[in-house]
Amino acid sequence: MEKDTSFLLTGIKFNKKRFAGDFSRFKKRKQRNDDGPVDDLSYFKREDTEAEKVVVSVNKKRKRKTKAGRVEGFSVFKGSDSVPVVTDEGSEQEENNQKELNRQNERDLRLRKKYGIHVSGNNVPSPLQSFAELSTRYGCESYLLHNLVKLGFKEPTPIQRQAIPVLLSGREWFGKAPTGSGKTLAFVYPMLMKLKQPSKDGIRTVILCHTRELAAQTTRECKKMAKGSKFLLCICKKKKRIDLSRVEYLVLDESDKLFERSLLEQTDSVVKACSNPSIIRSLFSATLPGFVEDVARTVMHDAVRVIVGDKNAASESIKQKLIFAGSEEGKLLALRQSFAESLNPPMLIFVQSIERAEELYGELKFDSIRVGVIHSNLSQEQRESVIDDFRAGKTWVLIATDVLGRGMDFKGVKCVINYDFPDCAASYIHRIGRSGRAGRIGEAITFYTEHDIPYLRNIANVMTASGCEVPSWLTDMPKKKWKKHCPRRESISTKPKDEEE
Ligand SMILES: Nc1ncnc2c1ncn2[C@@H]1O[C@H](COP(=O)(O)OP(=O)(O)OP(=O)(O)O)[C@@H](O)[C@H]1O
């Protein structure tokens, strides 16, 4: 990847002198742009990223006013729900059309309100009332409908109701919906519908995931939905050079994670390599920080933004608890006590580092519970085997670093324990979202010590937004600006160092 032409990050202030080289390259690109002339460019320089600059082209077409007097393109995100398009007054037919359009808009608003769907963008397609519309409205292939029935899905989830019509209409998309609310199907299903038939044109879609475990899970889900078709679906570990210039459909799953400093360069190189001008790109996550919205607004063309539920909330089906454990010793005691009172497997326990995952595993492996551990220092085979054992119920309690914090769908997980306080609110939302999926009830317990107290208020805010009761002393605490909270903690291990294996 060319380091100096990050596609995703842009800056507000553009210093033509300083970036003279890039500017001249941009000008060349501008001349090549098939979509029409470029009339703006900007470079953002973000503190929290390594990428230095980005060239963004804005198509004039996007700024054209619609008949309704609204502005197409990214500026529409400042607006709210789509408004009826006012056509020239004229024939009776036109009036009737307008009335029908208004009625449809009202129906859409009602449906969105019912399911907590908030949309921004022009003329956002109507949400699905039911899966039956896939066939009546879109003539969906029968194998896809058959697979839906086989999966046992009767009603679309809110995100599926809105994402499927938007993506099928060819619009770009960025959106957020709670953990466990079916985002995978929301992007895979329209992808398969859009592709229609297999062809020999090379790679036609890319779904970018932040871990191999999530890529494996998503591939499995895709295969279930594509059963009966001849599409070739596989995991690509990006070791080989591959041609992505024909990609028609690109999904950035867990998009805010993909835009973090550690993954930005790889993400950027994939987005840039997907150079097909008619590509449909979409960003999905359960958390949508402002900087991701900025990227989406700037890079995407006439996109639709969708938020399901409250923007800063976790899934409402999770009962959230905070427990003051005092010290590291106190955490281990509290954990053993909770196992003794009621062990409700399968259960996930999150810690903040690989070392601590191993330490906790060392403490629990001789207790009478079946415990496993997973982190990024294990080989790929070991990681796969740990996941398989957990899915198969051979392991009851899985200790994990944040490598499992996002996206993973272990259907039966009833309880998540944050043994170590999460490093940010987004990480909290994703970790606890491993339970309470697909409408099931879940439980999340977060231990905290003195170190974590300044950050409690941020978690309390998430809890309040998700409908949990929070004591007033917590919400009265001062809010701390939270970057990454990863304090040095005392060792978990109770054994003297020389006794450890
Ligand atoms: N329409 C539906 N009806 C019932 N269950 C569904 C439906 N769609 C998806 N599911 C199930 O819901 C579960 C969660 O789906 P998925 O993993 O896509 O969630 P997600 O929104 O991507 O979560 P996360 O944000 O944690 O990645 C899966 O087990 C999936 O099979």
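In strand β6, the bridge partner of Phe174 is Arg305. That pairing is a handy way into this predicted model, where local features need pLDDT of at least 70, side-chain atom pairs count only at pLDDT 80 or more, and totals for chains, interfaces and linings use all residues. Residues are numbered from 1 along each chain as its sequence is written, and side-chain values use heavy atoms, with hydrogens and water left out.

Let's zoom out from that pair. Strand β2 (residues 173-176) and strand β6 (residues 304-308) run parallel and share four bridges. A quick word on names: helices (H or I, at least four residues) and strands (E, at least two) are DSSP runs, numbered from the N terminus. Two strands pair if DSSP finds at least two bridges between them. Both β2 and β6 belong to an open sheet of six strands with mixed pairing, in the order β1-β6-β2-β5-β4-β3. At the edges you'll find β1 (117-120) and β3 (205-208), each with a single partner strand, so one side of each has no neighbour in the sheet. From one strand to the next, the twist averages 10°.

Now look at what lies on this sheet. Helix α6 packs on it, touching β1, β2, β4 (249-253), β5 (280-285) and β6, where contact means heavy atoms within 4.5 Å. The direction of α6 makes about 175° with that of β2. For such angles, axes are lines fitted to C-alpha atoms, for helices over the stretch in contact, and the angles run from 0 to 180 degrees between N-to-C directions.

Helix α6 has a helical partner too. Two packed helices are described by the angle between their axes and the distance between the axes. Helix α6 (residues 158-168) and α7 pack at about 30°, with their axes 9 Å apart. That makes α6 roughly parallel to α7; angles under 35 degrees count as roughly parallel, over 145 as roughly antiparallel, 65 to 115 as roughly perpendicular and the rest as oblique. Ile159, Gln160, Ala163, Ile164, Leu167 and Leu168 of α6 meet a set of α7 residues including Leu185, Phe187 and Tyr189.

Among the residues making the contact are Val188 and Leu192 of α7, along with Cys222 and Met225 of α8. The α7-α8 contact has nine nonpolar, two polar and one charged residues.

Time for the other sheet. Six strands line up as β7-β12-β11-β8-β10-β9 in an open sheet with parallel pairing. Its edges are β7 (318-326) and β9 (371-374), each with a single partner strand, so one side of each lacks a neighbour in the sheet. The twist averages 20° from one strand to the next. Strand β8 (residues 347-350) runs parallel to β11 (residues 415-418), and four bridges join them; Met347 has Cys415 of β11 as its bridge partner. Helix α13 (residues 354-364) packs on the sheet, touching β8, β9 and β10 (397-400), and its direction makes about 170° with that of β9. Helix α14 (residues 380-391) touches β8, β9 and β10 as well, with its direction at about 140° to that of β9.

Stay with β9 for a moment. Four bridges join β9 to β10, and the two run parallel, with Val371 standing opposite Val397 of β10. In a regular strand the side chains alternate between the two faces of the sheet.

Which helices are largely enclosed by the rest of the structure? One is α15 (residues 425-432), because six of its eight residues are buried, Tyr428 and His430 among them. Another is α16 (residues 456-465), because seven of its ten residues are buried. The buried residues of α16 pack against β7, α15, β12 (442-449) and α17 (472-475). After α16 comes Gly467, whose phi is positive, near 90°.

Definitions and conventions
Buried means under 20% relative accessible area, exposed over 50%, partly exposed in between (1.4 Å probe, protein chains only). Ala, Val, Leu, Ile, Met, Phe, Trp, Tyr, Cys and Pro count as nonpolar, Asp, Glu, Lys and Arg as charged, and the others, Gly among them, as polar.
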